[in-house]
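My notes follow in the order in which I looked things up.

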Amino acid sequence: MSWSFRLAETTVKQTLEDSKMKTITSLLVLLLLSLPGVLRAQEKPNPAAGLALTPPMGWNSWNKFHCNVSDPLIRNMADAMVKSGMKDAGYEYIVIDDCWQVSRDKDGNIVADPQRFPNGIKAVADYVHSLGLKFGIYSDAGEKTCEGRPGSRGHQFQDALEYAKWGVDYLKYDWCHTNKTQDAPTSYLTMRQALNATGRPIVLSICEWGTAKPWLWGAEVGGNLWRTTGDISDHWAGRKKWSDGSCCSNGMLDILDLQVGLASYAGPGHWNDPDMLEVGNGGMTDTESRSHFSLWAILAAPLIAGNDLRDMRPEIHDILTNKEVIAVDQDALGREGERVAKQGDLEVWAKQQQDGSRAVVLLNRGASEQGITVTWQELGYPDHLSAAVRDLWQHKDLGKFTGKFSASVVSHGVVMITVRP
Ligand code: GLA
């Protein structure tokens, strides 16, 4: 190899080394420059993390009061929630549903009804917070709400900022007047992003009636609960078409039947929502109301009361504040219960609890009193197991049982127990 060739080779090598060094140096500089951004992004906590680790509990204005909402009504309900012992039993959110809003101002800000909320929404939220409760509000992913009030489409970030300023802790976000091409997951994700951009932890309640199967995408877009069905109506059973011919308002049992197969989608932070409670609204007997409440608890459903809390008969009060039944709903494992047996009108629903026990509802949908048996096998236990059974409505230990438990259940009633090995 000639001297001149060697020299040329060395120069080429040197040039290559230099350019490698330059590339490495540029990369290092880039990395250093972007580090603060990376660190900031890592530091920024997700404000929605840790919300609704158990199903949300509270009160909402819609089922009883519809559009008849006002500042004094909401304050009265918050007072009643405390005085009635419901707050102590775990109820937390006071939520104003549709009709609090009337228009937008020239800058596009949402305007609350000045007659019904003369002090504005923040004053109501402050009052609710002063009682140690949380405050929720309602909007819609379309142009208008179901009652024709302004919806949030095109104003999501602006509305979220306003809610955060007011101290909103919970948003129920409806699906009326959306346009035909609007994509549900994207619409709910946009609102979740808008809520998170405020930095305030706000529960997102997806109210899309199960149309686009929100159990498949609700958690992914940051929903904490999602309605699985159309609206509940205050009766035991029987679907009725809406006045425009579309389907349907559901009785309590119709909604129950629509929950079958959805249990695996629920868990801490993200719940199937079979709609708000009708307990105390007059359309069901006390026996039926007890069944409604027991079934919602076994479903790990959000427990959102929808009755007039100022005016409860003792029977209704005792249903809504049964701490043993509420404990089943709120069990930290966050398992939704399932129907494990059905024979005609007789059903067994069971829910695994954190301590390995099972909560069980024996449901009689029929017209006369009947005996119902739950076997340990149906609960996933071996036959020979001896387990303590406790009745959650009688508040009574019933003793130890092996292999099965039977009880007589009145028409439209339940027996609700825990089975603890
Ligand atoms: C829809 C919802 C209801 C209620 C009304 C209010 O029907 O499903 O729960 O919020 O709108 O207009």
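**Disulfides.** I searched the whole structure, which is a predicted model, and the search gave 2 disulfides.

I took the pair Cys67 and Cys99 to begin with, and found the two joined by a disulfide with an S to S distance of 1.8 Å. I then looked up where the partners lie: Cys67 is in the loop between helix 2 (62-65) and helix 3 (71-83), while Cys99 is in the loop between strand 2 (93-95) and strand 3 (101-104), so that the link connects distant parts of the chain, 32 residues apart. For accessibility I noted 22% for Cys67, which therefore counts as partly exposed, since buried requires a value under 20%. Cys99, with a relative accessible area of 1%, is buried.

I turned next to Cys146 and Cys176, which are joined by a disulfide with S to S at 2.1 Å. The angle about this S-S bond is 95 degrees, and I recorded the link of Cys146 and Cys176 as right-handed. This pair, too, links distant parts of the chain, 30 residues apart, with Cys146 in the loop between strand 5 (134-140) and helix 6 and Cys176 in the loop between strand 6 (170-174) and helix 7. Cys146 has 32% relative accessibility and counts as partly exposed, whereas Cys176, at 16%, counts as buried.

**The cysteine without a partner.** I also checked Cys207, which is in no disulfide; the nearest cysteine sulfur belongs to Cys146 and is 6.8 Å away, and a disulfide would need the two sulfur atoms within 2.5 Å. Cys207 is buried, with a relative accessible area of 1%.

**Helix 6 against helix 7.** How are helix 6 and helix 7 oriented to each other? I found that helix 6 (residues 156-166) and helix 7 (residues 184-197) pack at an angle of about 40 degrees, and that their axes are 8 Å apart. The two helices are therefore oblique to each other, because angles under 35 degrees would count as roughly parallel and those from 65 to 115 as roughly perpendicular. The crossing of helix 6 and helix 7 is right-handed.

I listed the residues that make this contact: helix 6 contributes Gln156, Phe157, Ala160 and Tyr163, and helix 7 contributes Thr190, Met191, Gln193, Ala194, Leu195 and Ala197.

Definitions and conventions: Residues numbered from 1 in each chain as written. Predicted model: local features only at pLDDT ≥ 70, side-chain atom pairs only at ≥ 80, totals over all residues. Heavy atoms only, no water. Axes fitted to C-alpha atoms, helices over the stretch in contact; angles between N-to-C directions. Helix = DSSP H or I, 4+ residues; strand = E, 2+ residues; numbered from the N terminus. Parallel < 35°, antiparallel > 145°, perpendicular 65-115°, else oblique. Left-handed = near helix turned anticlockwise from the far one by under 90°. Contact = heavy atoms within 4.5 Å. Buried < 20%, exposed > 50% of the residue type's maximum accessible area, 1.4 Å probe, protein only.
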